[in-house]
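Subject: Structure handover

Hello,

Here is the structure I promised to pass on. My notes follow below it.

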Amino acid sequence: MLRSDLGEPMNFDFSEDQKLLQKTARDFLESNAPLALCRSVLESNETYSSSLWKGAAEMGWLGAVVPEEYGGAGFGHLELSLLAYEVGRALAPIPMSSSVYLATEAILLAGDASQRERLLPPLADGSTIGTYAVAERRGPVTPGAIETRFENGRVSGAKVPVADAQAAQLAVIAANEAQGLSLVVAHLDHPSVTRISLPCIDGSRDQGRIEFSGTPAERIGAPGAGAELLAQIQHRAAVLVAFEQLGGAERAFELTREFCMQRYAFGRPIASFQALKHRMADMYCALELARSNAYYGAWALHHDAPELAEAACVARISATEAMHLATTEMIQLYGGVGYTWEYDCHLFYRRSQWLGLLLGSLPQWRERLVQALEAS
Amino acid sequence: MDFDDTREEAEFRAEARAWLEAHTTLRQPDDAPEPGMGDEASQDLVARAKDWQGIKADSGWACITWPEEFGGRGASAIQNVIWNQEEGRYRTPPNIFTIGQGMLGPTIMAHGSPTQKERYLKKMLRGEEVWCQLFSEPSAGSDLAGLRTRAVRDGDDWIVNGQKIWTTGAHYSDYGMLLTRTDPGAPKHAGITYFIVDMSSPGIDIRPIRQINGATGFNEVFFSDVRIPDGNRVGAENDGWRGAITTLMNERAAIGGGGAGLGIKELIQLLRTTPYGDGVALDDDGIRQKLADFHARSTGLQYTGYRTLTALSRGQTPGPESSIGKLVGAPLRQEMAAFALEVLGAAGTITGGDLAMEHGAWQRMYLTMPGLRLAGGTDEILRNIIAERVLGLPAEVRVDKDKPFSEIPH
């Protein structure tokens, strides 16, 4: 059943306290993460900005939803959603999705008391970066096609692509064992681990390959529960990534609007031409629909509602579409300069694909959505 | 973020519900649907609507947002939403008074004379007199200020000649709010005068317009030497555009809600029951992708509506951004209807009998949606509104704005 059948939402917005937290995050990122920072990572061999990562840790963002007993800030997912939104606006070159939305969420969801106690504090203070090592080949991840094995406390197999493979010290890994697919956690500073960085469409973020050869690992969650856990983790992360996409789309749109107001052709600002005004109106509509769906996702995530699967899918689909539209139109409306390396349009265009493909692409999420609708 | 009423809202809802419970019964799923906007309204329906309005008025549940001095209860916008939600759950006739009570009444309150307020508002509130809006003309639709219906002063009267179009309910209305051209030598916005017209005046000829969906909810209204007393003028001579703006601002507030009709649930039902290859349509990957796309857009619209309600609940006024409801919703429903017909294949052409799903409702939706994309601001006008009033982009270049109206080519 959809929540919409239940009634009359009169409080479908974030609270003043939550907005204050968001404002603090925006101020911090405006000072510490201008687009030049994203560009500097893109143009260097770095895989992320370690100084910004430290700053994010000091602001308490990395452990936003980690309980205070494990060194976190003890906020909820509504707060984390707004932080993700600001990270998205800044195109911040840090491994938020890998470490916070995926690895930390996986341990919160499936780890036992001892695992939470050991693994969460270093993730919450940023001293450990986590990642999510699931895919092994081209195309969608299907649990049946995973060849990585987990036996006698050791994991073996090759994972590719793995986001932030170089930066991470810990990985949540999908691996098969006798009872079926399970999730295991391994530290990556072991000699049995080899990893390489792979050239990536968004050089301000990182993709790589990790090979495990009998690497010590521990299971999180029940043996054989991997497929179900992966689905849950993906749904949770999809909501948070949707906020990043929304933030990126919004910033791209704002910059495009400003550019069109200042750029003159035929004696007028190009923003006065109806052909462009109507395209910007359509971008605005896509952005607002995505915002509304993302809010619904945040509500479902915060309340751990039975509608989470459906809500995550619609949040993911419309955020991906909105960022794709905003960033492709950005280059088109800027015109020739938008196609230069010097202008920032390509930073948004690249990030749009990086985020849009990270958790599986649109056709997969559309299929998942229909499955969720069939089940409801 | 939650889905609950505030305490005050919950109390108001309970009060509304208790009154409705005492005066009518809950709507049931198999009740026949009532006609909507754009459908013709029968004499019987008009009579039922007037009766119900009178019952509401006796208990103070008519026009609840109107100030108390005019018979309302000064309710907030969010209370009005709650009232409409609750009333919608019960067996009540459709509201044929929206144009008067929602748009024209507030215009009379803002710009009418004390005599006009005294004479018209109470009967409007009680539904004893029905009102229509005489704005659009054959050559003044999106460009409303280009209207050409002439009013010429003659002693204490005005004499009106011209034609109005798209007038909902003209044939059962007692009064109309009429925009006329009174000074063709002035620039277009500066030569318009606003009148109240008695629809039974000699010289008014009302002809129904048959729409492409076969219904006749709108009319053409012809004026031939129709006399209107000067006492029926609303606002100053040649200052009618100011009143028109008040009416149009209230139009945006009066529309909204009304998400009835076929949606995702019915589309899934169609896909589940339509044979397709070796299985049913819902098994097909291409169809599933399209369904997901429709669903994500539908929820996006629905939750955008929730955000608007939230703003209302906090006492904020939703601005022109609420234009996206119709701009996204109407084409979406048109696409969904076309898609449903596509899935049905050649049977999609059948509008009645056993082969037709939902008694031909998908085909009716297909034939109705083109009208919704034009009514109350075309898609293109709505994009202009978003671009200029929400995004602050430069206004269109106006070549006719400062010229005398009589010199504008047409």
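This is a predicted model: local features need pLDDT of at least 70, side-chain atom pairs count only at pLDDT 80 or more; totals for chains, interfaces and linings use all residues.

B:Glu321 sits in the loop between α8 and α9 of chain B. Take B:Gln85 as a reference point: B:Glu321 is 236 residues from B:Gln85 in sequence. In space, 22 Å separate the C-alpha atoms of B:Glu321 and B:Gln85.

A:Phe348 is the contrasting case. It is buried, because 25 other C-beta atoms lie within 10 Å and the cut-off is 20 or more. A:Phe348 belongs to helix α10 of chain A, residues 345–358. Which residues does A:Phe348 touch? Leaving out residues up to four places away in sequence, they are A:Leu91, A:Gly248, A:Ala252, A:Thr327 and A:Met330. A:Met330 is 18 residues from A:Phe348 along the chain, and their C-alpha atoms are 8.7 Å apart.

Next, confidence in chain A. The mean pLDDT of chain A is 95. Of its residues, 97% reach 70 or more.

Now the domains of chain A. The assignment divides chain A into domain 1 (3–124), domain 2 (130–222) and domain 3 (227–375). The centres of domain 1 and domain 2 of chain A, taken over C-alpha atoms, are 23 Å apart. Where they meet, 21 residues of domain 1 are in contact with 19 residues of domain 2. On the domain 1 side, the elements that give two or more residues are α2 (35–43), α5 and α6 of chain A. α5(A) gives the most, with nine residues. What is this side made of? It has 14 nonpolar residues, seven polar and no charged.

Which residues of α6(A) are buried? They are A:Leu119, A:Leu120, A:Leu123 and A:Ala124. These residues cover an arc of only 125 degrees around the axis, so they lie on the same side of α6(A). Their cover includes α5 (96–110), β1 (130–133) and β5 (180–187) of chain A. After α6(A) comes A:Gly126, with a positive phi near 85 degrees.

Chain B has its own domain assignment: domain 1 (7–96), domain 2 (131–243) and domain 3 (256–375). Over C-alpha atoms, the centres of domain 1 and domain 3 of chain B are 26 Å apart.

Last, the two chains together. How many residues of chain B are in contact with chain A? There are 42, and they contact 42 residues of chain A. On the chain B side, α3 (77–89), α8 (285–313), α9 (324–344) and α11 (379–390) each supply at least two residues. α8(B) gives the most, with 19 residues. The residues on this side of chain B divide into 21 nonpolar, eleven polar and ten charged.

Over to you.

Best wishes

Methods
Residues are numbered from 1 along each chain as its sequence is written. Chains are lettered from A and ligands numbered from 1 in the order in which they are written. Domain bounds come from an automatic or database domain assignment. A residue is buried if 20 or more other C-beta atoms lie within 10 Å of its own, exposed if 12 or fewer, and partly exposed in between; C-beta atoms are placed from the backbone. Helices (H or I, at least four residues) and strands (E, at least two) are DSSP runs, numbered from the N terminus. The arc is that of the directions from the helix axis to the C-beta atoms. Two residues are in contact if their C-beta atoms, placed from the backbone, lie within 7 Å. Ala, Val, Leu, Ile, Met, Phe, Trp, Tyr, Cys and Pro count as nonpolar, Asp, Glu, Lys and Arg as charged, and the others, Gly among them, as polar. pLDDT is the predictor's confidence in each residue, from 0 to 100.
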